[in-house]
Amino acid sequence: MELTFYGAVRTVTGSMFVITNDGTTVLCECGLFQGHRAESNLKNRNLPFDPVTINAMLLSHAHIDHSGNIPTLVKKGFSGGIYTTFASRDLCSIMLRDSAHLQEKDIEHVNWLNEQKKKNGKLKNSERLEPLYTVADAVSSLRSFRGVMYDQPIQITDDIHVTYRDAGHILGSAMLEIELRKRLKKRKLVFTGDLGRKNLPILKDPYPIESADVLIIESTYGNRLHDPLETAAEKLAALINETVHRGGKIIVPAFAVERTQEFIYILHQLTEQGKIPLIPIYVDSPLAINATEIFRLHPECLDEQTLEYIEKKEDPFGFGKLKYVRDVEESKKLNNITSPCIIISSSGMCEGGRILHHLRNNIGDERNLILIIGFMADGTLGKRIVDKMPVVRIFGEEYALKAQVKKLNSFSAHADQNDLIAFINNFQKKPKQVFVIHGNSDQAEPLVAAIKTMGIPNVLIPPVGETIPIV
């Protein structure tokens, strides 16, 4: 019984690790690495193992940093089943196609820019770039998906059984309880995936797991504490009112799944309470629109309050001044708006999609607000904006950052340090081994120290690519 970690170690992207048990190899997660273009391209195109040798894959949830390189995995020879919840399967069906479409369009745009530079003598030589995978590759990979229900054990192989538990992070997100057997030896491995928070709108709270021999835990906010959501809503209302008073627009890069729906839900409440003015709100993301429809298809993931909304025929994801934008021409028209409005668009880390066009057209106006409501990984455009770099590059061109930039961490769907510690404290029996992943060093290392104070000595951030025995 062994573990090998290939991604999301001292970083939050490219989630990927392998479990080996008595000749069987199971891959957990196959996420896209996101960051500097050249580094990301190299890592995403070159998987650190032979996909043909993988017997099965387990997926915790549909976010691209966990699922986004599945088409590459399948294209390169993986032929096993990909096990995930039904909601995650449905989300992946739109998210992987969208990822491929964005890659195709972004590469096409970069190739066009390079051609213009060559014509103008600004670039001597450049090879034509190809997308990591195509829409056809993404569609082909979906045939490998196997939907599973929460709380029902499934057999992956004779010696590996898995139960998916609700993680409360995004729709369909799951923690994995993995039972490994090898002759007389039996071990229970728990992988949190991305752990959610209690009492957030829309989704159920995370399932309270009570035991594990081996724990693999995320640490996105392993050294931070979130403000209560009520406080965040008040801060949000104040920022919107200030921007409207300046005559500016609010540009919100948001993950199409969960963050967009949660943000809309809170805007709905603030509007009903009269705490923000009635200005137009646009959701300019076909992926977010499709994802919202999938939310309506999976009541098994929703909390009681959201179900009550739906039962009363009220729509928590649509109200008066809200407009969903699918058409490209409609999206372009948003650039002509000169009065205050809110534009919510993906991708969340500003690495692709329509948000790039909105940033390009609004980043240079000091009246505007760029509102960050999610995590931004190192090396992404979103992180450079959070760091308030005076000049940022969008589509290879430089733009002065003059717009206001504000970050509200409280809208995060990730557990903070208190939540992570409380999750472990719920265990009736402390794990023998704990591996801390999915967090930058400044978040992962303090969480390691905090867990050790709980009387668990064997806690570490695993080295990338090193095989570690399960004791």
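Tutor: Let's begin with a word we'll need: a residue is called buried when its relative accessible area is under 20%, and exposed when that area is over 50%. Keep in mind, too, that this is a predicted model.

Now find Ser141, which sits in helix H5, residues 135–141. Is Ser141 buried or exposed? Its relative accessibility is 0%, so Ser141 counts as buried. What does Ser141 touch, once you skip residues up to four places away in sequence? The answer is Ile70, Pro71, Val74, Ile82 and Leu96. Take Leu96 from that list: in sequence, 45 residues separate Ser141 and Leu96, yet their C-alpha atoms are 8.9 Å apart in space.

Next, hop over to helix H4, residues 86–119. Gln103 has its place in H4, and because its relative accessibility is 15%, Gln103 counts as buried as well. The side chain of Gln103 reaches the backbone nitrogen of Leu132 at 3.3 Å. Leaving out neighbours within four places in sequence, Gln103 is in contact with Leu32, Pro131, Leu132 and Tyr133.

The axes of H4 and helix H8, residues 286–297, come within 10 Å and cross at roughly 165°. An angle over 145 degrees counts as roughly antiparallel, so that is how H4 and H8 run relative to each other. Their crossing is right-handed. Which residues meet there? From H4 come Ala87, Asp90, Leu91, Ile94, Met95 and Asp98, and from H8 come Leu287, Asn290, Ala291 and Ile294. Sorted by type, the residues of this contact are seven nonpolar, one polar and two charged.

Here's another helix pair to set beside that one. Helix H6, residues 229–246, and helix H7, residues 259–272, pack at about 75° with their axes 11 Å apart. H6 and H7 are therefore roughly perpendicular to each other. On the H6 side, the contact is made by Leu229, Ala233, Leu236, Ala237 and Ile240, and on the H7 side by Glu262, Phe263, Ile266, Leu267 and Leu270. By type, the residues of this contact are nine nonpolar, no polar and one charged.

Most residues other than glycine have a negative phi. Lys388 has a phi near 55°, which is a positive value in a residue other than glycine. You'll find Lys388 in the loop between helix H12 (381–386) and strand E17 (391–394). Lys388 is exposed, because its relative accessible area is 52%. Phe395 has a positive phi as well, near 55°, and lies in the loop between E17 and strand E18 (397–400). Is Phe395 buried or exposed? At 13% relative accessibility, Phe395 counts as buried.

Methods
Residues are numbered from 1 along each chain as its sequence is written. This is a predicted model: local features need pLDDT of at least 70, side-chain atom pairs count only at pLDDT 80 or more; totals for chains, interfaces and linings use all residues. Side-chain values use heavy atoms; hydrogens and water are left out. Axes are lines fitted to C-alpha atoms, for helices over the stretch in contact, and angles run from 0 to 180 degrees between N-to-C directions. Helices (H or I, at least four residues) and strands (E, at least two) are DSSP runs, numbered from the N terminus. Angles under 35 degrees count as roughly parallel, over 145 as roughly antiparallel, 65 to 115 as roughly perpendicular and the rest as oblique. A crossing is left-handed if the near helix is turned anticlockwise from the far one by less than a right angle, and right-handed if clockwise. Contact means heavy atoms within 4.5 Å. Ala, Val, Leu, Ile, Met, Phe, Trp, Tyr, Cys and Pro count as nonpolar, Asp, Glu, Lys and Arg as charged, and the others, Gly among them, as polar. Buried means under 20% relative accessible area, exposed over 50%, partly exposed in between (1.4 Å probe, protein chains only). A polar contact is a pair of N or O atoms within 3.5 Å; within protein, one must be able to donate a hydrogen and the other to accept it, and residues adjacent in sequence count only if both atoms are side-chain atoms.
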